[in-house]
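Thanks for coming. I will go through one model, helix by helix and then by charge pairs. Please have a look at it first.

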Amino acid sequence: MGLLTGLLTAPLAPVRMVTWVAERVLENAEAQYYDPAPVYAALAELEHRLERGEIDEAAFEREEDALLDRLDEISRFRQGRGG
């Protein structure tokens with residue numbers, strides 16, 4: 001980058017920095033939101049609650065369906081992102 005280019009694009013540096021930070025925040029948020037580990041933990045806890053008699057079969061099935069739908073969403077997202 002030449003001196004003239006550096007001087008002309010210097011006012012854009014804060015915009016580029018904000019864009020870079022926003023991209024890193026988005027990547028981190030997506031990594032957390034699309035992490036399947038908490039969903040698997042919730043499924044295990046749900047099964048334990050059923051075994052302990054804290055919930056009935058109907059409640060278990062409703063919550064299990066919601067968690068399985070969440071896993072499908074995570075899978076679709078990861079396939080769309082190539083990983």
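A residue is called buried here when its relative accessible area is under 20%, exposed when it is over 50%, and partly exposed in between, with a 1.4 Å probe and protein chains only. On that scale R70 is buried, because its relative accessible area is 17%.

Two sentences on where this comes from. This is a predicted model, so local features need pLDDT of at least 70 and side-chain atom pairs count only at pLDDT 80 or more, while totals for chains, interfaces and linings use all residues. Residues are numbered from 1 along each chain as its sequence is written, and side-chain values use heavy atoms, with hydrogens and water left out.

R70 sits in helix α4. Helices are DSSP runs of H or I, at least four residues, numbered from the N terminus. How far apart are the end C-alpha atoms of helix α4? They are 34 Å apart, which agrees with the 34 Å that its 24 residues, 57-80, should span at 1.5 Å a residue. The expected span is 1.5 Å times one less than the number of residues.

The buried residues of α4 are A59, F60, L67, R70, L71 and I74. They pack against α2, residues 13-33, and α3, residues 37-52. Contact means heavy atoms within 4.5 Å. Leaving aside neighbours within four places in sequence, R70 is in contact with Y33, Y34 and V39.

Now the charges. Side chains of opposite charge can pair when their charged atoms come close. For a salt bridge, I require a side-chain nitrogen of Lys or Arg within 4 Å of a carboxyl oxygen of Asp or Glu. The whole structure has 8 of them.

R70 makes one with E73, with the closest N and O atoms 3.1 Å apart. The two residues are 3 apart in helix α4, so they are separated by about one helical turn. E73 is partly exposed, because its relative accessibility is 26%.

Which residues are linked in a network of salt bridges? They are E45, R49, R52, E54 and E63. Within it, E54 pairs with R52 at 2.8 Å between the closest N and O atoms, and with R49 at 3.9 Å. Both arginines count as partly exposed: R49 has a relative accessible area of 25%, and R52 has 47%.

Last, H48, which lies in helix α3. A polar atom of the H48 side chain lies 2.8 Å from the backbone oxygen of A44. H48 is partly exposed, because its relative accessibility is 39%.

Conventions. Polar contact = N/O pair within 3.5 Å; in protein donor to acceptor, adjacent residues only side chain to side chain.
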